[in-house]
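Dear colleague,

Please find below the structure I promised to hand over. My notes on what was found in it follow directly after.

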Amino acid sequence: MRTAGGATVCSGHRFLSPLPNSTRPQLTNATRFRPGFVQLQPTANGNVVFVKFSDRSRVVTRAADSSTTQSQSVSSVDVLNNGKTLIPDDEFSISKVSFGVIGLGVGVSLLSYGFGAYFNILPGSEWSAIMLTYGFPLAIIGMALKYAELKPVPCLTYSDAKSLQEKCATPILKQVKNDVTRYRYGDEQHLDEALKRIFQYGLGGGIPRRSAPILQMIREEVTQDGKYSLVLVFEAKALKLSDFEQRQAKFTSFFGPGVTAEVGNGDKDLYEVRLISNTDPNAPSS
């Protein structure tokens, strides 16, 4: 449907065509921009327009009318430049729950209610001794687990990699993903044993322990030749790409068999180790 000023409205989206200088919305430096969006001044009909820029496309989305007290959030689908979509990692798993938070919450609740019942502030004085008896050790255990917990790292999975994961991912790659995307307790960092052997902390030809790379996130994607790949993204401020390249064979050996490792640069101080499964995705299932 055509509207005034040459604007076209279709399925809730408003695509702007050139307007005369007198009616064209102007950028405002005083406006606090939303991340990834450029906010324009309200148009004549009272609408606010947000323009989202990406590498290959520009999407213009019309927000709610200015009469609305709170502007609606602009929703978008996470899409790669080549059209692949991201699958959100929102599947519930007990391994993604912090036992430290559970233990501390239950323990403190029992202690609080137990003390309240003991001093007759809350009902249930006959149960106060039991609540205090169990609440104290649960709170201590919860604090200890919280202190020693290692949080899971984010995992980005692309749609085409999801379909290949079950068939092409080796048991070791599946284990790596499961280990780093759940809470761990007592470990200094994710993949600590693997990094210790590969970078040989404190040994001849190795690196100091304080310079060890830290796993920031993982990605599941498909290579250009159609193979499943698990990408480990490390932050290493004290290392260079050459430190990873000279240990590429060690990455292959440690995470093998059936895996080829490739290393590369990410953003600033980030390095990627791509673990590529050698399983042919077109091979018939056994």
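**What was found**

The side chain of Glu-221 makes a polar contact of 3.0 Å with the side chain of Arg-274. Please keep in mind that this is a predicted model. Glu-221 belongs to strand β10, which covers residues 214–222. Is Glu-221 buried or exposed? Its relative accessible area is 14%, and because the cut-off for buried is under 20%, Glu-221 counts as buried. Beyond its neighbours within four places in sequence, Glu-221 is in contact with Tyr-158, Ala-161, Lys-227, Tyr-228, Ser-229, Val-231 and Arg-274.

**The protein as a whole**

The protein contains 7 helices and 13 strands. Of its 286 residues, 34% count as buried. The accessible surface comes to about 17800 Å², and carbon and sulfur atoms supply 55% of that area. Among the contacts with a separation of 6 or more, 55% are between residues 24 or more positions apart.

**Helical regions**

The unreviewed UniProt entry places the feature "transmembrane region" at residues 97–121 and 127–145. In the model, residues 97–121 are 80% helix and 0% strand, with the end C-alpha atoms 33 Å apart. Residues 127–145 are 95% helix and 0% strand, and here the end C-alpha atoms are 27 Å apart.

Helix α4 spans residues 171–180, and its residues Leu-173, Val-176, Lys-177 and Val-180 are buried. Seen down the axis of α4, the buried residues fall within an arc of 95°, so they line one face of the helix.

**Aromatic rings**

The structure holds 8 aromatic pairs. One of them joins Phe-99 and Tyr-185: the ring centres are 6.4 Å apart and the planes stand at 45°, so the pair is tilted. This pair links distant parts of the chain, since Phe-99 lies in helix α1 (residues 99–118) and Tyr-185 in strand β9 (residues 184–185), 86 residues apart. Phe-99 is partly exposed, at a relative accessible area of 40%, and Tyr-185 is also partly exposed, at 27%.

Tyr-118 and Phe-119 form an edge-to-face pair, with 5.1 Å from centre to centre and 90° between the planes. Tyr-118 is exposed, with a relative accessible area of 52%, and Phe-119 is exposed at 53%. Finally, one aromatic cluster is formed by Phe-199, Phe-234, Phe-244, Phe-251, Phe-254, Phe-255 and Tyr-271.

With kind regards

Methods. Residues numbered from 1 in each chain as written. Predicted model: local features only at pLDDT ≥ 70, side-chain atom pairs only at ≥ 80, totals over all residues. Heavy atoms only, no water. UniProt positions renumbered as here; feature names shortened; annotations may be inferred. Helix = DSSP H or I, 4+ residues; strand = E, 2+ residues; numbered from the N terminus. Buried < 20%, exposed > 50% of the residue type's maximum accessible area, 1.4 Å probe, protein only. Polar contact = N/O pair within 3.5 Å; in protein donor to acceptor, adjacent residues only side chain to side chain. Contact = heavy atoms within 4.5 Å. Arc of directions from axis to C-beta. Areas by Shrake-Rupley, 256 points an atom, 1.4 Å probe, with all protein chains shown as cover. Phe/Tyr/Trp six-rings, centres within 6.5 Å; stacked < 30°, edge-to-face > 60°.
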